[in-house]
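Biologist: I would like to learn how to read a structure like this one. Can we go through it together?

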Amino acid sequence: MDVTTAPTPAPFNLLLALDLLGVFAFALDGALTGIRSARVDIVGVAVLGVTTAIGGGIIRDLLLGVTPATFGDWRYLAVAMAGALLAFFLGHRMDRLATPIALADAAGLSLFCVAGAAKALEHGFGPAQAVILGAITGVGGGTLRDVLINRIPVVISRDSDIYAIPALLGAGAFTAAAVMGLPGAWTAGVSALLCFVIRVVAVRYRWNAPGPPGTRRGEAPGRDGR
Amino acid sequence: MDVTTAPTPAPFNLLLALDLLGVFAFALDGALTGIRSARVDIVGVAVLGVTTAIGGGIIRDLLLGVTPATFGDWRYLAVAMAGALLAFFLGHRMDRLATPIALADAAGLSLFCVAGAAKALEHGFGPAQAVILGAITGVGGGTLRDVLINRIPVVISRDSDIYAIPALLGAGAFTAAAVMGLPGAWTAGVSALLCFVIRVVAVRYRWNAPGPPGTRRGEAPGRDGR
Amino acid sequence: MDVTTAPTPAPFNLLLALDLLGVFAFALDGALTGIRSARVDIVGVAVLGVTTAIGGGIIRDLLLGVTPATFGDWRYLAVAMAGALLAFFLGHRMDRLATPIALADAAGLSLFCVAGAAKALEHGFGPAQAVILGAITGVGGGTLRDVLINRIPVVISRDSDIYAIPALLGAGAFTAAAVMGLPGAWTAGVSALLCFVIRVVAVRYRWNAPGPPGTRRGEAPGRDGR
């Protein structure tokens, strides 16, 4: 095991496919969340869908110090816009249902945490940074979405099911396998699946991360408590 | 028509003048909005004015992968600060009037959507990216302002008159003309005027973009609805 | 006095030590603020602590056009995480006390405004930009923290004691001394102390910056007033 050598990244085509799938899933999620929880118009649905879809990748690229990939590649914007508009026109048939949002969100989270960790390794960052950047790629878009619609982001709220933790585990599994030199494509698929399953089970059984010692579960700490 | 050749950008002096005019207009707008809708002090008025004025350009430059121009050029900060302080000291004479805010905002939007599209073309980006980056330059500063004062950004709200659409049309007109090789200065002026007129008429006659199918105009979707 | 020559920056070790101390203080502050004012879980406390601690430096580096230093240097993340977790596990013993939050916040503000100005000068920026970037480094992390927990940022609120002004004075003192060629280490210490003392006295005696003319102190301007 040679940690100092940059591990072989997942092949380009796989990375791109993962990225575009994640973009589509997050665009659906962001657009549906916008329709459900704020008075947005068609522009707002498009902005929220695209921001959720490509926001995490943009934050990752800014932290890596590279030009955000999204604007040199029209496919990202096209796929994000397609997902947002699909949700706009068909969302009224599903906007009372939490399930499609939860599944799209879990899919985006899983694909992005792996793609983000892969890109960090590709740029020569160490394993710890790769895991953290993977998780940021996964949760970043949804955090921007929540800031825009004026609610406490899912990633920090005690009333949300665990969200960053599956992303950290998925990114961690991929990074560990990459450092050990395991083949990229299989590793990426298994790591994303790991994150997806944990997130979906967490939503189903309402797994919450612990709050600070000395606070009770139902206790509202102040005016910002929900 | 040769789309692959990067079109001749508008001359530097025009770009700079457009930029500084837009900075001044948005600084007034951001500062007056802050005075009207939040309990801010003189620092808050300056921060909101400057953020509204240069925030869109900073987001554009980060997405283009270039160092934000604002910090290498003292004129941007000086003009933004002048606009914010003017609003601070004279705002109590106009803060009940929606008109100066609306006009300053429309002026900034018009000038920035054209300047943003011009800069994107200058850096070799394609027409689609130029239109989107132009619109982001126009709406970005106001979106940061709304996030800071804790309200749903104008650009996504169904209760706001159309805002991104005039910016997309202005940036689109400029980009189309630039791709066709029309002279930069005239094109920039006409495109900015197009955006300005559409935005002002939209505010006057309360043009809203459509909401998602299945929702009614006055319906509040949840706790975030206004 | 030779303004055009880039002044000798503070030595590397001092800069790093200042930075890490500021990171630790702001991590405590961000985590304790999160525990007090929102329903956050352990992930939320970590995110708020780390964001408050390194957010200002990341914004500064993006504005300088350099890769954010934080992700190439594991010490920043480790120190930030240590501060956040310390606050998570011990915060219930201090979360009713405003004093430790206020002191940690003043320490972070003081150290960051000087470190930010020093880095701007080191990169060849002029004195005005150095002062502004120093202040942004100081107040940026707390502003991101406030946006995430959905409240009006301290830096713009009229109901907060002065916050940006001590940072501007600390960054200004350091920049002036650096331009005059005074020795970096002493200058840095005295400038940080100046900012710290002004901020602590401002909190103790509730110094507020003036609001816009024509508004009264207790007046709520609208739905966003607190």
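Modeller: Start with a pair of helices. Helix 2 of chain B and helix 5 of chain B make a right-handed crossing. A crossing is left-handed if the near helix is turned anticlockwise from the far one by less than a right angle, and right-handed if clockwise. Helices (H or I, at least four residues) and strands (E, at least two) are DSSP runs, numbered from the N terminus.

Biologist: What kind of model is this, and how are residues, chains and ligands labelled?

Modeller: This is a predicted model: local features need pLDDT of at least 70, side-chain atom pairs count only at pLDDT 80 or more, and totals for chains, interfaces and linings use all residues. Residues are numbered from 1 along each chain as its sequence is written, chains are lettered from A and ligands numbered from 1 in the order in which they are written, and side-chain values use heavy atoms, with hydrogens and water left out.

Biologist: At what angle do helix 2 and helix 5 of chain B pack?

Modeller: Axes are lines fitted to C-alpha atoms, for helices over the stretch in contact, and angles run from 0 to 180 degrees between N-to-C directions. Here helix 2 (residues 42-64) of chain B and helix 5 (residues 127-148) of chain B pack at about 135 degrees. Their axes are 7 Å apart. Angles under 35 degrees count as roughly parallel, over 145 as roughly antiparallel, 65 to 115 as roughly perpendicular and the rest as oblique. Helix 2 of chain B and helix 5 of chain B are therefore oblique to each other.

Biologist: Which residues of helix 2 of chain B meet which residues of helix 5 of chain B?

Modeller: Contact means heavy atoms within 4.5 Å. On helix 2 of chain B the residues include B:Gly55, B:Gly56, B:Gly57 and B:Arg60. On helix 5 of chain B they include B:Gly140, B:Gly141, B:Gly142 and B:Arg145. The residues of this contact between helix 2 and helix 5 of chain B divide into eight nonpolar, nine polar and two charged. Ala, Val, Leu, Ile, Met, Phe, Trp, Tyr, Cys and Pro count as nonpolar, Asp, Glu, Lys and Arg as charged, and the others, Gly among them, as polar.

Biologist: How do helix 2 and helix 3 of chain A pack?

Modeller: Helix 2 (residues 42-64) of chain A meets helix 3 (residues 74-90) of chain A at an angle of about 135 degrees, with axes 8 Å apart. Helix 2 of chain A passes helix 3 of chain A in a right-handed crossing. Among the residues in contact are A:Gly49 and A:Ala53 of helix 2 of chain A, and A:Ala80 and A:Phe88 of helix 3 of chain A. By class, this contact of helix 2 with helix 3 of chain A has 13 nonpolar, one polar and no charged residues.

Biologist: At what angle do helix 6 and helix 7 of chain B cross?

Modeller: Helix 6 (residues 164-179) of chain B and helix 7 (residues 184-204) of chain B cross at roughly 160 degrees, and their axes come within 8 Å. That makes helix 6 of chain B roughly antiparallel to helix 7 of chain B. The crossing of helix 6 of chain B past helix 7 of chain B is right-handed. The contact of helix 6 with helix 7 of chain B has ten nonpolar, four polar and one charged residues.

Biologist: Which residue forms a salt bridge with B:Arg199?

Modeller: A salt bridge is a side-chain nitrogen of Lys or Arg within 4 Å of a carboxyl oxygen of Asp or Glu. B:Asp105 pairs with B:Arg199, the closest N and O atoms being 3.9 Å apart. This pair links distant parts of the chain: B:Asp105 is in helix 4 (residues 98-122) of chain B, B:Arg199 is in helix 7 of chain B, and they are 94 residues apart. Over all chains, the structure holds 27 salt bridges.

Biologist: How much area is buried between chain B and chain A?

Modeller: The size of an interface is often given as the accessible area lost when the parts come together. Buried area is the accessible area (1.4 Å probe) that two parts lose on being put together, summed over both. Between chain B and chain A it is about 2800 Å², with 62% from carbon and sulfur atoms. B:Leu63, B:Ile156 and B:Pro213 supply 22% of the area that chain B buries against chain A, more than any other three residues. In this interface, 38 residues of chain B are in contact with 32 residues of chain A.

Biologist: How many salt bridges cross the interface of chain B and chain A?

Modeller: The rule finds one across the interface of chain B and chain A. The side chains of B:Asp159 and A:Arg39 meet in a salt bridge (2.8 Å, N to O).
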